[in-house]
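Please keep the sequence and the structure in view while reading.

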Amino acid sequence: AIRNIMFFLMVFLFCFFALSANIYADTHKASSCSHSAVLTAITAASSGDTVIVPAGSCTWDNNIIITKGILLFGAGAGVTTITGNITPEKPGDTFKEGNYLIVYKPTNPALNEPFRLSGFTIDLDNKSSGIFLRNSSTTVINQIRIDHNAIQNATMTGGSARAITILGTVYGVIDNNTFSGNKKQIDSYGDQQDSWN
């Protein structure tokens, strides 16, 4: 009997702490998949919050730069489709944020906030690169997940486009994505280091 009580107490405490870790997180629903609606929802979100983008097909003429750890969910690849129509900032420069449709660069990497991007078709329309994960500090961020997306047509005139570029001390998981029509799929680079470690 005491063993059963101890077991249930441990399960209760585990569930309590698991839930309390996310108790203050909110969910923000974009009114559509348009650039302005998604940007409004992201701006309203605090670190740790979830942003939901509904089904639909939208074209973005500008990129989105995310500076805090959020969970950004579409309704599913093939269900929420974002087509990029951006003019690259400098096509020949891999590290120009203006060459990418979605940029994640945390303002305070020391917080190591979770960031997730899931459930989108991201069509770069042969005009730009796709996703840029950037951490120019030497502080490790390692709670990144890019999953269940379709990333396609990352090419651009005058430059070598990439579906996903990772720069600096960024670690995480890229899983269950499909890639098609891209000049390059995933590139990873070091940054701010003076030796290999």
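In this predicted model, Cys58 has a relative accessibility of 16% and therefore counts as buried, since the cut-off for that class is under 20%.

**The disulfide**
- The link is right-handed, with 85 degrees about the S-S bond between Cys33 and Cys58.
- Because Cys33 sits in the loop between strand S1 (27–29) and helix H2 (35–44), while Cys58 belongs to strand S3 (residues 56–60), the pair ties together parts that are 25 residues apart in sequence.
- Cys33 is also buried, at a relative accessible area of 2%.

**Helix H2 and its cover**
- The buried residues of H2 are His35, Ala37, Val38, Ala41 and Ile42.
- Residues three or four places apart in an α-helix point the same way, because such a helix has 3.6 residues a turn.
- The cover over the buried residues of H2 includes S1, strand S2 (50–52), S3, strand S4 (64–66) and strand S5 (71–73).

- Asp49 is located in the loop that runs between H2 and S2.
- Although Asp49 is buried, it has no salt bridge, and the nearest side chain of opposite charge, that of Lys68, is 7.4 Å away.
- The side chain of Asp49 does, however, reach the backbone nitrogen of Ser46, at 2.8 Å.

- Gly74 lies in the loop between S5 and strand S6 (80–84), and with a relative accessibility of 17% it counts as buried.
- Gly74 and Ile52 are 22 residues apart along the chain, yet their C-alpha atoms are separated by 6.0 Å.
- Leaving aside residues up to four places away in sequence, Gly74 touches Val53, Thr80, Ser118, Gly119 and Phe120.

**The chain as a whole**
- The protein chain contains two helices and 16 strands, and buried residues account for 42% of its 197 residues.
- Of the contacts in the protein chain between residues at least 6 apart in sequence, 69% join residues at least 24 apart.
- The accessible surface of the protein chain is about 10400 Å², and 56% of that surface belongs to carbon and sulfur atoms.

Definitions and conventions: Residues numbered from 1 in each chain as written. Predicted model: local features only at pLDDT ≥ 70, side-chain atom pairs only at ≥ 80, totals over all residues. Heavy atoms only, no water. Helix = DSSP H or I, 4+ residues; strand = E, 2+ residues; numbered from the N terminus. Buried < 20%, exposed > 50% of the residue type's maximum accessible area, 1.4 Å probe, protein only. Contact = heavy atoms within 4.5 Å. Areas by Shrake-Rupley, 256 points an atom, 1.4 Å probe, with all protein chains shown as cover. Disulfide = S-S within 2.5 Å. Lys, Arg positive; Asp, Glu negative; His and termini not counted. Salt bridge = Lys/Arg side-chain N within 4 Å of Asp/Glu carboxyl O. Polar contact = N/O pair within 3.5 Å; in protein donor to acceptor, adjacent residues only side chain to side chain.
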